[in-house]
Amino acid sequence: MCGIIGFYDTSEKALPILNKLIDNLHHRGPDGDGKILKDGYAFGHVRLSLVDLTSGAQPIIFQELTIVFNGEIYNHKDLRAQLIKDGYKFETTSDTEVLLKLFHQKGPECIDLLNGIFAFSIYNALTGEVFLGRDLFGIKPLYYINTVFDFAFASEWKTLFTYIKEKKIPYVINQKALTEYFSHGYPYREKLIEEIQTVQRGAVIRFKRETQPEIVYQMQLNDSQNSSLEDIESVLSKQVGLELDADVEVGVLLSGGIDSSLVTYFASKLKKKIKTFSIGYAEGKRYDETKYAKIVSEKFDTDHHIFTFSEDDLLNELPQLIDCLDQPVYDPAMLPLLFLSKNVKKHVKAALSGDGGDELFGGYTHYRVLKYKPLFGFAHKILRTLAPHNNKVKTLGNMLNDIHKPKGPFMYNLSLLNYEPETHEIDKTWQQTMYEEIDTTLQKKLLVKTDLSSMYYGLEIRVPFLNKRLFELSKGLSSTNFINLFYGKTGLRKLTKKYVNGDIAYKPKKGFRVPLNTWIRNSKLGKHIEHTLETTNVIPENVISKEHINWLLANKNSLELGNEIFSLYILNEWLKKHQIIINENTPN
């Protein structure tokens, strides 16, 4: 796992700018760096060495091709064997060299053969073309700038923002994107800065001087019909084995939920006393699931480590949260994830997680509500008459009302924002919503959160559920293996009951939550945020007025406004860190 950078600049400033950008990304690759200036292009790489620790440095050159690569190709050994049969010779045992020579042989279509998490740049010196490619789910980030005068790419958005400021490229912050940060938790449809774009997931884009970028290949998916749970089990087990393979020790992030428990089961079959890691809370015990993680750990005899996260730890991690953020993304779980990553890195350099199970197998409650909305609505009408003050009846009513709301921090206070709802989303089925959220919430928020939090401390997170073959098979499962009236993720629950236990399989879903409202009310965090927003608020009035901010602060102890207030603080600190002062008259 690494960080990559590149840009076009024929001036004497190219090397100083490249060095500055490498420094900007060094947290992603603390084990070394490399760079090259070639034909007016500057390419840089920072390395977190997990495979071929001694000879896998980048950039790597083969004939006319130069590569910088971030990620892991899990099937690189099989691909290498085939390339050797085809006459290729290798100087390293790295997966980077395999990708480079596979691209030499097959061109952009080679990404169909890759089982991995990746973002790469390959420069062809004969044609003057630069190719940028990214994995199917967008697990590894890759951003680019392409204007008449400038071309650049990087693993992190803020690295390109640094490049923009170094080159004095004019830019405008899109205030609609800031509003989407509050409504959805991230820039949902809008680009924060028009000049910085994202390489499409599962695609290879070709760039050439003075021409428009072009998607030259899109990863192909095979149709799978009548898939079975046995197929899912077989592929997931094999994938966990592939992702455990490294020249360093690999652990597992074990939350005690369905997905991470299954990953732990498969991993423990392949490696005795595998290290597992969980996080608990000193305050807010109802969010703490370490007891479930301990049950799983004891069952599979793992070397288990629990880290306890307190309000003081939160305050200590706040500067790191602001520092690691790319575009503003709101998820309070980033704080404990940063804390967890820092502590896990003391034991291993890479860890498997259960990310992606909910998105591929229907784990979220709103999918179930969408599928059975008429039935839930009918039940709520009757129950509301019989027991109008029952908390469970109120919860059911909220679920029905919230189903089409964006799931951001201002979900319950959208009226405070300059927000225009998208009415066309109302008619989507649960399947359409699930697959759309792979493009939106998963790619733009959840994977970004995990990548930034873990790579800030140089920890690689691997995600066995998010692989091409498992995705293909999941689409061929019957609907009974996704959702029923009482549960989501029914197929994975069956596997969990079979291999872990029934209590883990059918416990209520909690997710990776934090006791934010507790911390915001009458606490060090609440007082710190209130003082900051009252004295150094730079959030544009066009996004949310100071009057509305003051109302939120005045009611923070009586209402549950933790998400709204904390999201204000995060955006405000992000704007200040990047020295962004927005003119209120700037057009949206």
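The expected span of a helix is 1.5 Å times one less than its number of residues. The model discussed here is a predicted one. Helix α3 covers residues 95–106, 12 residues in total, and at 1.5 Å a residue it should span 16 Å. Its end C-alpha atoms lie 16 Å apart, which agrees with that expectation.

A residue counts as buried when its relative accessible area is under 20%. Of the 12 residues of α3, 9 are buried, so the helix is largely enclosed by the rest of the structure. These buried residues are Asp95, Thr96, Glu97, Val98, Leu99, Leu100, Lys101, Leu102 and Phe103. Which elements are included in the cover over them? The cover includes the strands β4 (60–62), β5, β6 (116–124) and β7 (129–134), together with helix α2 (76–85).

The structure holds 5 cavities of 30 Å³ or more, and the largest cavity has a volume of about 110 Å³. Its lining consists of 15 residues, and those nearest the centre are Cys2, Arg47, Val51, Asp95 and Thr96. Both β5 and α3 supply at least two residues each to this lining, and β5 provides the largest share, with 3 residues. By class, the lining of the largest cavity divides into 6 nonpolar, 6 polar and 3 charged residues.

The open spaces include the second largest pocket, with a volume of about 670 Å³. It is lined by 33 residues, of which Arg134, Thr198, Val199, Gln443 and Lys444 are the closest to its centre. The elements that give two or more residues to this lining are β8 (143–146), β10 (196–198), β12 (214–218) and α15 (430–455). Among the elements, α15 gives the most, with 5 residues. The lining of the second largest pocket has 16 nonpolar, 8 polar and 9 charged residues.

Charged side chains also form pairs in this chain. Side chains of opposite charge can pair when their charged atoms come close. With a limit of 4 Å between side-chain nitrogen and carboxyl oxygen, the count comes to 33 salt bridges. One of them joins the side chains of Arg462 and Glu72, at 3.6 Å from N to O. Arg462 belongs to strand β17 (residues 460–462) and Glu72 to strand β5 (residues 65–73), so this pair links distant parts of the chain, 390 residues apart. Are the two partners buried or exposed? Arg462 is buried, at 0% relative accessibility, and Glu72 is buried as well, with a relative accessible area of 5%.

A further salt bridge is formed by Glu233 and Lys498, whose closest N and O atoms are 3.9 Å apart. Glu233 lies in helix α6 (residues 229–244) and Lys498 in helix α17 (residues 490–499), so the pair ties together parts that are 265 residues apart in sequence. Here Glu233 counts as buried, at 17% relative accessibility, whereas Lys498 is exposed, with a relative accessible area of 55%.

The side chains of Lys342 and Glu317 meet in another salt bridge, at 2.7 Å from N to O. This pair connects helix α10 (residues 334–344), which holds Lys342, with helix α9, which holds Glu317, across 25 residues of sequence. Lys342 is partly exposed, at 29% relative accessibility, while Glu317 is buried, with a relative accessible area of 1%. Elsewhere, salt bridges that share partners join Arg28, Lys140, Glu156, Lys158, Asp326 and Asp451 into one network.

Helix α9 (residues 311–324) also contains Asp323. This residue is partly exposed, with a relative accessible area of 30%. Apart from neighbours within four places in sequence, Asp323 is in contact with Lys158, Tyr456 and Lys577. One of these contacts, Lys158, is also a member of the salt-bridge network. Glu97 is among the buried residues of α3.

Notes: Residues numbered from 1 in each chain as written. Predicted model: local features only at pLDDT ≥ 70, side-chain atom pairs only at ≥ 80, totals over all residues. Heavy atoms only, no water. Helix = DSSP H or I, 4+ residues; strand = E, 2+ residues; numbered from the N terminus. Buried < 20%, exposed > 50% of the residue type's maximum accessible area, 1.4 Å probe, protein only. Contact = heavy atoms within 4.5 Å. 1 Å grid on protein atoms, 1.4 Å probe; cavity = no way out; pocket = protein on both sides within 12 Å on 5 of 7 lines; lining within 4 Å. Points joined across faces, edges and corners; volume = space filled by probe spheres on them. Nonpolar A, V, L, I, M, F, W, Y, C, P; charged D, E, K, R; others polar.
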